[in-house]
Amino acid sequence: MTPREPLALRRPPTGPQVARLVANAVNGSTVLGLAVAAAARSDLRPGPHGLIIAGGYRWRVPLAAAFTLGNVVLCRCPAADLLARPELLGHEEKHCTQYAWCLGLPFLPLYFLAAGWSLLRTGNPGTGNIFERHAGLVAGGYPDPLDRGQAGLPRPAGTEA
């Protein structure tokens, strides 16, 4: 007997999720994601909200545990492991929406510019990156700029260590 799919996988995508899926298919970003997943021999699996999970990504670049190309979420772990991490999956889903808003592939140079700016300002590519901030820093595994002790900055007076 096989376990039932989680409820999120059984629900049909909402109208905005379908619009995002169509936009990312038309703008080519999901096609790029599927091509990279195939070239990297990742295992494809349908995910919630119109996402496609590509588990077992083994290429060295990028270093992230998970990243998004269109509606394809590529992850180093098996797809089931990513599905068990709803915060990270939600973070990656927000990047899918960002691809749609940026009309697809223009998201990539915009993201890299934002990551470079963040690296110069904060010492890491995520904390000051507008795309990562809007997707949720902590959910994506980035330091929280409000936790000043974590970023190596002094904490405001009156806060605990």
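Biologist: Which residue in β2 is the bridge partner of Arg45?
Modeller: That's Ile53. Keep in mind that this is a predicted model, where local features need pLDDT of at least 70 and side-chain atom pairs count only at pLDDT 80 or more, while totals for chains, interfaces and linings use all residues. Residues are numbered from 1 along each chain as its sequence is written, and side-chain values use heavy atoms, with hydrogens and water left out.

Biologist: What makes β1 and β2 a pair of strands?
Modeller: Two strands pair if DSSP finds at least two bridges between them. Four bridges join β1 to β2 (residues 52-55), so the pair qualifies; the two run antiparallel. The names are DSSP runs numbered from the N terminus: strands are E with at least two residues, helices H or I with at least four.

Biologist: How do you know that the pairing in the sheet is mixed?
Modeller: Go through the order β1-β2-β4-β3. β2 and β4 run parallel, joined by three bridges, with Ala54 partnered by Leu74. β3 and β4 are antiparallel over four bridges, and Thr68 stands opposite Val73 there.

Biologist: Why are β1 and β3 said to stand at the edges?
Modeller: β1 (43-46) and β3 (66-69) each have a single partner strand, so one side of each lacks a neighbour in the sheet.

Biologist: Which way do the residues of β4 point, and are they buried or exposed?
Modeller: Val72 and Leu74 point one way, Val73 and Cys75 the other.

Biologist: How does the span of α5 compare with what is expected?
Modeller: Helix α5 (residues 86-101) reaches 23 Å from first to last C-alpha, close to the expected 22 Å. That expectation is 1.5 Å times one less than the number of residues, which is 16 here.

Biologist: Why is α5 called oblique to α6?
Modeller: They pack at about 120°, axes 9 Å apart. Angles run from 0 to 180 degrees between N-to-C directions, with axes fitted to C-alpha atoms over the stretch in contact. Under 35 degrees is roughly parallel, over 145 roughly antiparallel, 65 to 115 roughly perpendicular and the rest oblique, so α5 is oblique to α6.

Biologist: Which residues make the contact?
Modeller: With heavy atoms within 4.5 Å as the test, they are His95, Gln98 and Tyr99 of α5 plus Phe107, Leu108 and Tyr111 of α6.

Conventions
Buried means under 20% relative accessible area, exposed over 50%, partly exposed in between (1.4 Å probe, protein chains only).
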